[in-house]
Amino acid sequence: MSEHPSPQPALAELEQAADALVAAWSSGADRLPGPVSSPQLRALLALEKQDSMSLGGLGEALGSLPSSVSRLCDRLEAGGLVTRRANDVNRRAITIRLTADGRQLVTQLHATRTDLLSDVLSRMSPASRQALLAGLREFTRALRIRPLSAAERTDAARRPEAAQRTDIAEGGDEQPAG
Amino acid sequence: MHAEEQNQAVRATAAALDAAAEPLAGLWNAGPGTVRPAVSPQQLRVMLAVEDEEPMTLGRLAEQIDVIASSASRICDRLQAAGLLSRSVSAADRREVLLRLTTDGRSVLDRLRQRRRRDLAEVLSRMSPEARGLLLEGLRSFAHATRKGRASSVRTA
């Protein structure tokens, strides 16, 4: 249902204009030392926001199946970036936390991104900078009102046979790049 | 305002932007995992770079995505194995490898764009015209400032 119909020309323009920001934001991860894949980074960023998470909670945050989250955590734990502990209350539940190294990596990612973004922002007027921040906050608010209808379609499509198909993003990206 | 204060203000805004841009980047980058075969954001960047300058040499690709040639080559291995990218030896220079998207590769990009556009349209339709105006103004100005930076950074070729 559309509250404010969006004119098509604005959509195409916005798509084009957003590309530069998304590219700058995303390239921060390329400058981290050592091989950390993008699924791994997303997991670390999700963990950063909370003191600890359950395996199920992390899976939900990443939109991944428990089995892939478990494999992801194997690799993060082997890399010394997270720890897994059995929950004191429910021994079968696993609690995942960032280690000091994991936290440091996330801090470094934010610092790198801040550098990259500062470089571009310094060439913008204060008014444009404020418009960008305010516009993005409105965008985020609108995004969170309710799930996107496409996201619901994806959940419905997440059948076992679909999950078993090999995706090149999985196997490929998890391998150390060095 | 003194230069130092101005610098501080820019860094503070950049730190806020780091957090504020995450949902938009998430929507942008979520796509690759949702089409089949799913591609990683890095693989997607490679496909987009090749699409821009087809046929592209491996060396040029490494330069464009700012990685060493061996990493670029490994990413291309996976894309080629998935049937999304093709490699051939240049007729002009036998040492050069030329990269092209396959029909399947092109179709993945098309489907991603359609999906991203649908998602964006849905979020925009929930925003007021004023909020949309701010967003567009801010993003445009950022894109403009990015191009300005590239033009001023010393670069031959």
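At what angle do helix H6 of chain A and helix H1 of chain B pack, and how far apart are their axes? Select residues 126–144 of chain A and 3–20 of chain B: the angle is about 25 degrees, and the axes lie 10 Å apart. (Axes are lines fitted to C-alpha atoms, for helices over the stretch in contact; angles run from 0 to 180 degrees between N-to-C directions.)

This is a predicted model, where local features need pLDDT of at least 70 and side-chain atom pairs count only at pLDDT 80 or more, while totals for chains, interfaces and linings use all residues. Residues are numbered from 1 along each chain as its sequence is written, with chains lettered from A and ligands numbered from 1 in the order in which they are written.

Stay on the pair. H6(A) and H1(B) are roughly parallel (angle under 35 degrees). Now show side chains. On H6(A), pick A:Arg129, A:Leu132, A:Leu133, A:Leu136, A:Arg137 and A:Thr140. They meet B:Thr13, B:Ala16, B:Leu17 and B:Ala20 of H1(B).

Next, widen to the whole interface. Here 57 residues of chain A contact 61 of chain B (C-beta atoms, placed from the backbone, within 7 Å). On chain A's side, H6(A) gives the most, with 14 residues.

Along the sequence, the pattern reads α-α-β-α-α-β-β-α-α-α-α-α.

Technical notes: Helix = DSSP H or I, 4+ residues; strand = E, 2+ residues; numbered from the N terminus. Parallel < 35°, antiparallel > 145°, perpendicular 65-115°, else oblique. Contact = placed C-beta atoms within 7 Å.
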